[in-house]
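Subject: Structure handover and notes

Hello,

Here is the structure I promised to send over.

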Amino acid sequence: MAEILAAIDDSVEATFPEQVSWQAAMKRAIRSGVELCQHVQVPTALAHPAAEADFPVFVPVEYARRMQVGNPCDPLLRQVLGGPPETQYAADGLLDPVGDLAAERSPGLLQKYDRRVLLIATGACAVHCRYCFRRHFPYETAPRSQAGWLAALKTISDDPSLDEVILSGGDPLTLADSTLRWLVDQIGQIQHIRRLRIHTRVPVVIPQRVCEPLLAWVADSKLAIYFVLHFNHSAEIDVAVSQSLSRLLGAGATLLNQAVLLKGVNDSFEAQRDLCLKLVDRRVLPYYLHQLDPVQGALHFAVPDATALSIVSDLREHLPGYAVPKLVRETAGAASKTPL
């Protein structure tokens, strides 16, 4: 099988148009399983319309071009192509597996832990990951404009116990930079807020999103800005992604990564080792390795705790400490992530 597959670097580069703006990349993204299968030259029978009806396929061309041509088991393809297990009801599957709704202080503003709040800045994402813990979140209830965010900003301003704001979603980097700059400036004006954390997968899937306007507001902010990225596999890191990471670092941001342990994607010592080394070589610190949140429709990705613990134990044996992520589980209502 390996002999007939194209290497990652030689995959489908010639199939796709040249780089476009990040906005154009969002518009031209692949929106069906059949189209995705055709692009990477695997049987279209792998697509599953019933799974897509519940959670649509959305895959940027820039991400698809890193998949191995002809390989239905490609670890990147597995993350984004809907399949039959998603439509099978699981008794232990939850619609709100991490207790987001119970943690709302105001619409779209969540507080689960001391000193920090999380703002759902948008419901839009630049890629639909099939294991997403917010795939059932009622985004229509969260504000999505400057006027809508004023209540959340006032809540933050009125609470001096807070010193950090997290922007999440969806993905906050799907917002226009003028909107992001306004929001970051408003947060920066709150005297007791010191740090801004941005949870995003956009630089992973559309690296040209790291553009001059974005770098400008990152560099200009008085806040300490942390980008918490979401790489799950070393094949997600190509030359364009590496260049974008370097530009974020040059603008003064700190880069962390949180991955999810996924069956059939990265549930081996070798996969995790390669990812961690590729990250630290690019000055991105592995932060968390999450056990799967038990969201309805994604439990087929779950990896047993014993396997997860064995992988992390092997990482500690073979890698420097700073290259080993913390293995954690998020439990609804808990005061912190739970180390395993």
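The notes below cover the sheet, the helices on it, the salt bridges and some backbone details.

**Ground rules.** This is a predicted model: local features need pLDDT of at least 70, side-chain atom pairs count only at pLDDT 80 or more, and totals for chains, interfaces and linings use all residues. Residues are numbered from 1 along each chain as its sequence is written, and side-chain values use heavy atoms, with hydrogens and water left out.

**The sheet.** Helices (H or I, at least four residues) and strands (E, at least two) are DSSP runs, numbered from the N terminus. Two strands pair if DSSP finds at least two bridges between them. As background, strands of a sheet pair through backbone hydrogen bonds, either parallel or antiparallel.

Take S5 (residues 195–199) and S6 (residues 224–229). They pair in the parallel sense over five bridges. Arg195 stands opposite Ala224 in S6. His199 has Val228 of S6 as its bridge partner. Val228 is also paired in S7, where its bridge partner is Leu256. S6 and S7 run parallel and are joined by four bridges. Between S6 and S7 the chain passes through helix H10 (residues 239–250), and this β-α-β crossover is right-handed. Right-handed here means that, with the strands pointing away from the viewer, the path from the first strand over the helix to the second runs clockwise.

Contact means heavy atoms within 4.5 Å.

H7 contributes Asp177, Leu180, Arg181 and Val184 to the contact. H9 contributes Pro213, Leu214, Ala216, Trp217 and Asp220.

**Salt bridges.** A salt bridge is a side-chain nitrogen of Lys or Arg within 4 Å of a carboxyl oxygen of Asp or Glu. The count by this rule is 21 salt bridges. One of them links Lys112 and Glu330, with the closest N and O atoms 2.9 Å apart. Lys112 is in the loop between strand S2 (109–110) and strand S3 (116–120), and Glu330 is in the loop between strand S9 (326–329) and strand S10 (338–339), so the pair ties together parts that are 218 residues apart in sequence.

For accessibility, buried means under 20% relative accessible area, exposed over 50%, and partly exposed in between (1.4 Å probe, protein chains only). Lys112 is partly exposed at 26%, while Glu330 is buried at 10%. Glu330 also bridges to Lys337, with the closest N and O atoms 3.9 Å apart. Both Lys337 and Glu330 are buried. Shared partners join Asp100, Lys112, Arg134, Glu330 and Lys337 into one salt-bridge network.

Arg273 and Asp274 form another salt bridge, with a closest N to O distance of 3.0 Å. Arg273 is partly exposed at 27%, and Asp274 is partly exposed at 34%.

**Backbone details.** Most residues other than glycine have a negative phi, and most peptide bonds are trans. The Gly169 to Gly170 peptide bond is cis, with omega near 25°. Gly170 lies in the loop between strand S4 (164–168) and H7. Gln41 is not a glycine, yet its phi is positive, about 60°. Gln41 sits in the loop between helix H2 (33–40) and helix H3 (49–54) and is exposed at 52% relative accessibility. Arg115 also has a positive phi, about 75°. Arg115 sits in the loop between S2 and S3 and is partly exposed at 49%.

Best wishes
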